[in-house]
Amino acid sequence: MSVLEPLWRWSVDFDAPRYLLLFALLPVFWFVSRRSLSSLGNWRRRLALGVRLAIASLFIVALAEPNWQALIRRLSVMFVVDASNSVQRSELNSALKYVGAAATQRDVTRGDRAGVVVFGRDAAVEVPPVERRWQVPRIESHCDPQYTNLQSALQLAEASLPTDSGRRVVIVSDGNENVGQAMPQAQRMLASGIGFDCVPISYERHGEIAVDKVVAPGAVRRHTPFTVSIVLDNLSTQTTPGKLKVDRELNGERQTVSEEAVSLGTGKRVFTLPQEVSESGMATYEARFIPDRPADDAHSENNSATAFCHVSGNGHILLIEDASQVGRFDSFVSLLRSHELEVTVRDTRHPFDSLADLQEFDCVILADVARVSGEGDAGLTQFSDEQIHALVQNTEHFGCGVVVLGGPNSYGPGGWANTELEKALPVDCQIKNAKVNPTGALMLVIDTSGSMQGEKIAWSKAAAIAASQMLGDRDFLGVVTFDTEPHWIVPIQRNSLRERTKARIDRIGADGGTDMMPALSQAYKSIQGVDASLKHVVVLTDGQTAKSDFDSLVSSMHQKGITTTGIAVGRDADRVLLGNIAQRGGGKFYQVLSPNAIPRIFMREARRVSLPLIFEDPNGIATQVITPGEPISGIKGALPPVTGFVLTTVKDSSLVDVLVATPRQPQPTSTILATWQYGLGRAVALTTDVGQRWAASWPAWGDFDKLMLQTVRWSMRSRDVSDKFAISTDAHDGVIDVVLNAIDSDDQILGTMGFSGTAVLPDGSSQSFPIEQDAPGRYRGKLATSLPGNYFLAVAGLGRSALLRSAASVPATAEFDRLTSNDGFLADIAEGVPHGGERGQLIRAPHGIDDTPGLLATNVFRPGVPLAKSRSAFWPLLLVLSSVLFAADVFCRRVQLSFEWIAILRQRFLAQRGQSTAIADTARMERLRASKTGATAHFGAADEAKSFDPADFVAAASNIVTPQSTATPPNDAPASAAPDKAESEFTSRLLDVKKRVRDQRKHLD
C-alpha cells in the first residue's frame, strides 16, 4: 500500500432498511402540506414545504438506523509457538528466530500489528499484538511443557487479536496435540473471519522406548500371590536391547525384585512378574528400562512408570519418638505388638518422607515429640511444614488415625501451636481462658551490622518470624536489633498480632558497626517489667563487639529469673563472649556455621517460654471419666491419678468428646483424654504420658492395656470393607478413571449407594471428584490430571469412617509418544477458508524450521483475510437535526416577516450622505470667501464687486438643496451701504439655507 493510499474506506449501511420505503409517501405528504399552507405567501409556502420535506426525510432515514461503516486495511498477526517438551530446544530456538524475522514483514504505514502466544499444557501471551518492533530470544512465560494443548493456545490467540483489523494466526508447532481438540476451535475461528497459516516443526526420531504402564492389583492380602505387569512400547522400527529393572518400596525399604536383559522389537510387549508380600502396607512398584545404547532412546523421561498395591494386614502403626531419647516407649511398643499389631518405630531424624510414605500405616503416634528437638546445631531435628501437611492430609482425606501422647515435649511446650497439626487435634495447644496465666516472654536481640547482609540476615528474619508463630497469643515477644545503636523492631508485647509482627520483622536491614551492650541492656530492662512465668533472651551476632561488663549484667538478670542464650553465627563471631553469656545466663550456646540452621535454633529456644503450659503436682492429680466412649469402654471406676499433664483448651465443637479430665478448674484446660472425627480420620489427644514420668502408676493398673489398645484401635483406619468393595484405577489421556465394584462375599450386588472421592495431587493439594453409578454394582469417577506424578485416592461413603484407598501414577510420557511430527494435521488447519477471505498456506522451506530465509518467502501479512469493519450509528444526529428543522418550520408558519425596513434604511443612508455633501459645500464657500477678501485687498473693491456676486452663490447653494429663492434686495438702499448690505443679505441667505437643510433632515427622521 502506498503512503497516499487511505487506511479507511467509508460507506453507509442501514440496520432497518425497510423503513426507506416510506420515501414513497413523500409526494402525498407534499400534496397535503401544500394545501394546508395555501394561506401563506408564495415564498413562505415554498420555504415551509421544503423544511417539512427535509424533516420527513431525516426522520425516515433515522428509522432505517444508518451507520457509518469503515473498512480498515491494517492486519494483526498472532504467532502461536509450541513450547512443549516434544519440541527440542534447538528447534524451538529456530522457531523463535523465524517468528522475529516474520514479524518485520508487517506494513508500518498501515499500522500492522504482531504478537506471540506460547503454549504447552496451558498458554500465555509472550508478546501482545503491537505495532512496535520486538524480538523473542527466549521464552519468559511459564507454560507446563509436559503436554501440548493447541486448543487453549488458539482460544487465547483469538481473545488477544484486536477486532479493528484483519486477523491471522500463524501456528508454529509439530502438530502433536495430546490435550484438547484444536480442529473444532480452528473451525469456529475460520467462521469468525480469522485466517490460518501453519509452519510445521518437522522431525523424525530414530529411536524411542517408553515404559507405557505398570499394572498391579489395588489391594491384596499378605502372603497372597499376585502378578505385576509391565508394558513396554518400542516406538521405533528397530530392535532395541536393554535392561528392565523393577524395584519395590514397602515400609520405608526399597529393594530390587527383578532385573533382566530384554530385546524389544517394534510395538508393545508385556512382561509379568509374580509377587507375594509378607508385610502389610502400601507397596510401590517402579519399572525402569535402561537401553544398552543411549542413542537408541531419544528421551529418557518416559523410561519409568509406577504402580501401587495396598497389602492388607492386621493393622500397621507408625510410632515416632525423639531422636535424643530413643527407647523411652519400648514397653508401649511391646504392648501393641503383643496384641497382633504391626508397629514401625522411627525417630525425629527421619520420621517419613511424603504422603506416599504414610499410606502403609493405619495410625501415626507422636510419642512426646517436639516440632524441633535435639541438642546443638548439628543435632537439631525439625518437622517441616510439608511433613506436617502430609500428616494432616493422611488423616483428613485417607482416614489414618493420629494419636498425640503427652509429655514435656508435646502440644504447646513442643512448639505445635499454630500448626496444621493443632487444627487436626480435638484440643488447642494454647490457653484461651483469662483465669489461667501460664505465659512466657521471649526477647530476641539480633545483630544487623553490615557483616550480616545477605543470607545471614535473611535466615535471622525467617527465624524470628518462626519463633513468633510458635508462641501463644498470651505469650510476650520483643525484637530489638543493633548495629552501633539499638533499634526496637517489636516492643515487647502480647503475641496476638502476628501479621503485624511479621511485617515489621520483614523490614529489617543490615548496615553499620557492632555494639551489643546497649541493645542487651534495653532488652533486659524491657523484659524485666513483664508479668510472665518464664522470661528468656536470645542474642545473635556474627562478629566482635565493643568490650563491656557483660558478665555482671547477665548474672544480675539471671538472678532475677531471666535466662539468656547466645548464638554465634560464623567463625568470626566472639564465641568466648557468647559462651560466657549463655553460661552465666542459664541458657545454651550455639555455634552456627550454616545460617539455615538459625530458624531451628530460634524455634527450639521459643519452646522455653511454653514450659508454663505444663501443670505438675507431686502429690498427684485425680482423674475422672467425663463422657463414655469406645476407648474407655469396659473400664470400671476412676483412672489412677497422674502427677502432671499439658494444659490445652478443648475445641468448641460438638464433635469433640472429652473422655477423661481432672477436677481442676477451669474445665476446658483440664483435659486428659479427648477424641474427635477429623475428616475421614480420627484424632486422639492424651495430654499426659503413658508411664514415663507423670503416669508412672498406669502400667501397673489392671485396665492400662485395655485403655491403650482400645484407644489405638479406635483411631486406626477402618478395614472392614475390603471383602465387599474393590477399587481400580487407570490413568490415560489426561484423566484417572476410578472404578468401584460393590459386590459382597456371596457375589451379590449391593444396593444403590452414594460415594464421594478425594485425591491428593502431586503438589500436595487436595481435590474432590464425583463418583456416580453407571451399572448395577459398579460406580465410576473421573479425575482430571494436570501434573505428572503420584495421585493418592480415597473413596468414602461406605459407612462409618470406612473408606477405600488407591493410588495412580501419571507418567510424563504424553509428549514422547510420537517420533514424527503431524504435518497433515497442520495442513488441514491451513487449508481452511476464513469467512470472506482466502485459503491459508502451509509454509515450508527446503531445510525445515532452520531455514528462516526460505520460510520468509511467504509473507504472513499478505491480504487474504476479511478486512475489519468499524460501524458507528449516526441516526441520533439525524433526529437532532430534524428537531432543529421542526423549530424552523414553526417559526416560518407563525411569524410573518416584512421587508419594508430595508427601504427605510436605504432612505436614511441617502439622507445622511446628502447632509454630509451640504456641509462640505459650505466649508468650501467659506474658503472661497476668504480668498475673495484677500483678492479685494490686493486689486481693489471694484474689481471684487465685478468678479463676485453673492446672489449667484446663494442661488447656486439653493439649487443644491432647495429651489432658488425669488427674494431681491430693496432698491432704496443707500449707495454707500451697498457693500455692507450685500454682505448682510449673503449671511441671511446662508442661514436660510442651513435652516431649510435642518428642517428637511428633521422631516426625514
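Student: How many salt bridges does the structure hold?

Tutor: The general idea is a distance test: a side-chain nitrogen of Lys or Arg must lie within 4 Å of a carboxyl oxygen of Asp or Glu. This is a predicted model. The structure holds 27 such salt bridges.

Student: Take D164. Which residue is its salt-bridge partner?

Tutor: The partner is R74, and the closest N and O atoms are 3.5 Å apart. D164 sits in the loop between α4 (150-160) and β6 (166-173), while R74 sits in the loop between β2 (66-72) and β3 (75-82), so the pair ties together parts that are 90 residues apart in sequence.

Student: Is D164 buried or partly exposed? And R74, buried or exposed?

Tutor: Relative accessible area decides: under 20% is buried, over 50% is exposed, and partly exposed is in between. D164 has 31%, so D164 is partly exposed. R74 has 11%, so R74 is buried.

Student: What about the pair R110 and D112, buried or exposed?

Tutor: Apply the cut-off to each residue in turn. R110 is buried because its relative accessible area is 10%. D112 is buried too, with a relative accessible area of 1%. The two form a salt bridge, with the closest N and O atoms 2.8 Å apart.

Student: Where in the chain do R693 and E616 lie?

Tutor: Begin with the bridge itself. The side chains of R693 and E616 meet at 2.9 Å, N to O. R693 is in the loop between β35 (681-686) and α17 (704-715), and E616 is in strand β29 (residues 614-621). The pair links distant parts of the chain, 77 residues apart. R693 counts as partly exposed at 44% relative accessibility. E616 counts as partly exposed at 41%.

Student: Which residues do salt bridges with shared partners join into one network?

Tutor: The network consists of D247, E249, R254, E286 and R288.

Student: In what sense do β11 and β14 pair, parallel or antiparallel?

Tutor: Strand β11 (residues 240-250) and strand β14 (residues 281-291) pair in the antiparallel sense, over 8 bridges.

Student: Let us turn to a helix. Which residues of α14 are buried?

Tutor: In α14 (residues 550-559), the buried residues are F550, L553, V554, S555 and M557. Next, ask what covers them. The cover includes α13 (517-528), β27 (562-569) and α15 (575-585). Then look at the backbone beyond the helix. Just after α14, G561 takes a positive phi of about 90 degrees.

Student: And at the surface, which residues form a nonpolar patch?

Tutor: V28, W30, F31 and V32 form one, with about 400 Å² of accessible area together. Take F31 as the example. F31 is found in helix α1 (residues 26-36). F31 counts as partly exposed because its relative accessibility is 46%.

Student: How do I read a loop residue? Where is S821?

Tutor: Locate it, check its burial, then list its contacts. S821 is in the loop between β42 (803-810) and α18 (823-830). S821 has a relative accessible area of 14%, so S821 is buried. Leaving aside neighbours within four places in sequence, S821 is in contact with D174, N176, I201, S202 and Y203.

Student: What share of contacts in the whole chain join residues at least 24 apart?

Tutor: Among contacts between residues at least 6 apart in sequence, the share is 74%. Of the 1005 residues of the chain, 51% count as buried. The secondary structure comes to 24 helices and 43 strands. The chain exposes about 46,400 Å², and carbon and sulfur atoms supply 52% of that area.

Definitions and conventions:
Residues numbered from 1 in each chain as written. Predicted model: local features only at pLDDT ≥ 70, side-chain atom pairs only at ≥ 80, totals over all residues. Heavy atoms only, no water. Patch = residues over 30% accessible without salt bridge, like charges linked within 9 Å, V, L, I, M, F, W, Y side chains within 5 Å. Areas by Shrake-Rupley, 256 points an atom, 1.4 Å probe, with all protein chains shown as cover. Helix = DSSP H or I, 4+ residues; strand = E, 2+ residues; numbered from the N terminus. Buried < 20%, exposed > 50% of the residue type's maximum accessible area, 1.4 Å probe, protein only. Contact = heavy atoms within 4.5 Å. Pairing = 2+ DSSP bridges.
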